[in-house]
Amino acid sequence: MKKVIIIGSGINGLVAANYLAKEGYDVSIIEKNDFTGGACVKDSTKIENKNIDFAHGPTVLGMMPDFIFKETGLVKMVEGFYPKTPKLVYFQGEKNTTKIFQDSHQLEEELKNKWGETGKINDFRADENKVVKFIQKLYREANSPSIDLAIKNLGEDLTKLWISGSAKDLLDHYFTSDKTKLYMGMTVIESGPASIYDPGTAFTIPLMDSGSVYNGYWGFVKTGIWKITECLTKINSNLGVKLHLNSLINEVDSQSNSISFSKESKDYKIKYDHLIFATDPLTPSKLISNFNKKLDLDLIGTSGKVTAFFKKPVIWNDSNKYSDSFRFIFSTNNLEKLESSSQNALKNSGDYFPGFIQIYPDGSAQRTMNNEEDFDKVIFFTKNLSYDKKADSIDNIKEKIISTVLPYIKNSDDLVFSKFLTPKDLNETFSFPMGNIDHSTMSGRQNFDKRTFTSSRSNFYSYFDYDNIYYCGAGSFPCGSVAGTPGYMCSQQMIKND
C-alpha cells in the first residue's frame, strides 16, 4: 500500500485525502494547527452574554462541483441553500435597486429599463454557459487546462474572447452600458487587483460561475460554511485517514522521501511514496531541503470583510421581500473607475479605495434553512483595502464601510457589534501570502493554464520537476474558495500516473 502524506488540512487537502483513501492509499495529513479546515473555519464572539459562531474566513459556498459534494459524502451531512431570487444592485445616490434576474430575458428587460443596456445579454449568457460547461468538464475529467483543449471544445473565437482575452474586450463585445460592464466585470478583482486590460483576465468571469453544487450560483451552508471541513474531517477519519495536528514540519527530504516534524515536544520522521502540499504556494519552497527553484508570483490581495450583528432581523428599505438575496453597493459607476481604485490599492497608496461592497445575508439564509440564531448576521465583503495594515489600526475604514451600507437598512439602530478583517489580518491568521484569499492574483500571466508550477501538461499538479511531490493549494487551478477542485484533480492525476 503506497503512503501519501498531505501537508495542510484545508478543503483541498481534505478532498484529496478522501479520494486517495477510497482508492486504497495509506493517507496521512500533517497540520500545524490544532484544528482542521484551513481558512474554512468558524470564529466566535460573545454578545449580551451569548456565544455567537460565525465564519472566520470564507462565508459562502459556490465553486464546489456537485460531484465532489456527492462523492465525498458531504451531501449526506451538510444542508445548503442558494437564493433563487434576483441579486440586487445599488449605485450610491440611488434608493432603488436594479434586479439581476437569473432568467436572461427578464435580465435583458431590466437592464434596458434601468441602465439603458442595448447590448447582447442573451448572447452573453449563452456563450458564458458554453464556457462554464467546458470548465466543468475539465473538473470532472481532471484534465489539465490548455488553450488547445479550449479551442477544441469552444472554437477559436470563444477561446480568444473568454479564455485568452482581456476582461475589457469581453465586456465591450457584449455590452453598451457602463453599469452593465461594471457589474459583470467586478469579479476580475475577486482574488486581487488584476487589471481589466490584462490578456487572460476574461477567464475570471465564467470561472466564478463554474461551481455546480448550487447550479452555478453561490449560497449558504446551514449553521455555517465551516460545516464543510468539519464534516469532511469526520468522513476521512472513518476512511482511515491519519491526522497529525499541532505538528510543525522541520524538513522535507526529497532525496530520501521523508518528512521530519515535531509534535508535543517529540520529533518524528516518516517516509512517503507521494507528497502533496495543500498549503499556500510559498510553504513548499521553505520546507523542501536544497530547494533552488525560482518563485515568481503575483501575491497581492486586497479583500476584507465586516461581519455585522443585528439584534433583530435586518429590514431593507428596498426589496425586503428579497431578504435572502445578495446585494451590491457600488461606489463607482463605470469599469474604468473601478480599475483606477483597484490599481491604487495595488500600489498601496492608501488605506481604502471604495469600489463595491458585496452583502451576504447569512442570518436571513440561516432562518430560511430553519436555523434560528440569537443575532442576524450580515457580511459586508469589500475590495481595495491596504494590504499592510491590520483592522485595529484602520478602525475608521470599518466605520466607512458600515456607514456605506446602513442607509439602506430601516432598522440600522439594531446593529450591536461588528468584526473587521483586512488583508493583513487574513495573512497572519490563515497564511494568505500578502493577504490574498486565492493565494495568488488571477492576473493574466497566472490564470487558466498558467496556475501551475510545472511545465508538465499531463501532470498539472506536480511541484516543479519533482516526480512524487504535488501542489494543490488554493493558488493552483482553478483558484481558491471552498471548492476542493484542485484537491480532487490532483488526486486523480496522481492515481492515473501511479
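This is a predicted model: local features need pLDDT of at least 70, side-chain atom pairs count only at pLDDT 80 or more; totals for chains, interfaces and linings use all residues.
## Salt bridges across the chain

A search of the whole structure finds 25 salt bridges. One of them joins E71 and R140, whose closest N and O atoms are 2.8 Å apart. E71 has a relative accessible area of 32%, so E71 is partly exposed. R140 is partly exposed too, at 35%.

A salt bridge also forms between the side chains of D465 and K293, with an N to O distance of 3.3 Å. These two residues are 172 residues apart, and the pair again links distant parts of the chain. D465 sits in the loop between helix 15 and strand 19, while K293 sits in the loop between helix 11 (283-287) and strand 14 (304-310). D465 counts as exposed because its relative accessible area is 54%, and the cut-off for exposed is over 50%. K293, at 29%, is partly exposed.

The side chains of K377 and E373 meet in a salt bridge at 3.4 Å, N to O. K377 has a relative accessible area of 2% and is therefore buried, since buried means under 20%.

F432 is located in the loop between helix 15 (423-430) and strand 19 (469-471). Its relative accessibility is 7%, which means that F432 counts as buried.

Which residues does F432 touch, not counting those up to four places away in sequence? They are A39, L426, N427, I437 and H439. F432 can also be compared with P281: the two are 151 residues apart in sequence, and their C-alpha atoms are 9.2 Å apart in space.

## The second largest pocket

Rolling a probe the size of a water molecule over the atoms shows where empty space is left. The second largest pocket has a volume of about 260 Å³. It is lined by 19 residues, of which L297, K450, R451, T452 and F453 are the closest to its centre.

How many residues of each class are in the lining of the second largest pocket? There are 8 nonpolar, 6 polar and 5 charged residues.

Methods
Residues are numbered from 1 along each chain as its sequence is written. Side-chain values use heavy atoms; hydrogens and water are left out. On a 1 Å grid over the protein atoms alone, a cavity is a set of points where a 1.4 Å probe fits but cannot get out, and a pocket is an open set with protein on both sides within 12 Å along at least five of seven lines; lining residues have an atom within 4 Å of a point. Grid points are joined across faces, edges and corners, and a volume is the space filled by probe spheres set on the points. Ala, Val, Leu, Ile, Met, Phe, Trp, Tyr, Cys and Pro count as nonpolar, Asp, Glu, Lys and Arg as charged, and the others, Gly among them, as polar. Helices (H or I, at least four residues) and strands (E, at least two) are DSSP runs, numbered from the N terminus. Buried means under 20% relative accessible area, exposed over 50%, partly exposed in between (1.4 Å probe, protein chains only). Contact means heavy atoms within 4.5 Å. A salt bridge is a side-chain nitrogen of Lys or Arg within 4 Å of a carboxyl oxygen of Asp or Glu.
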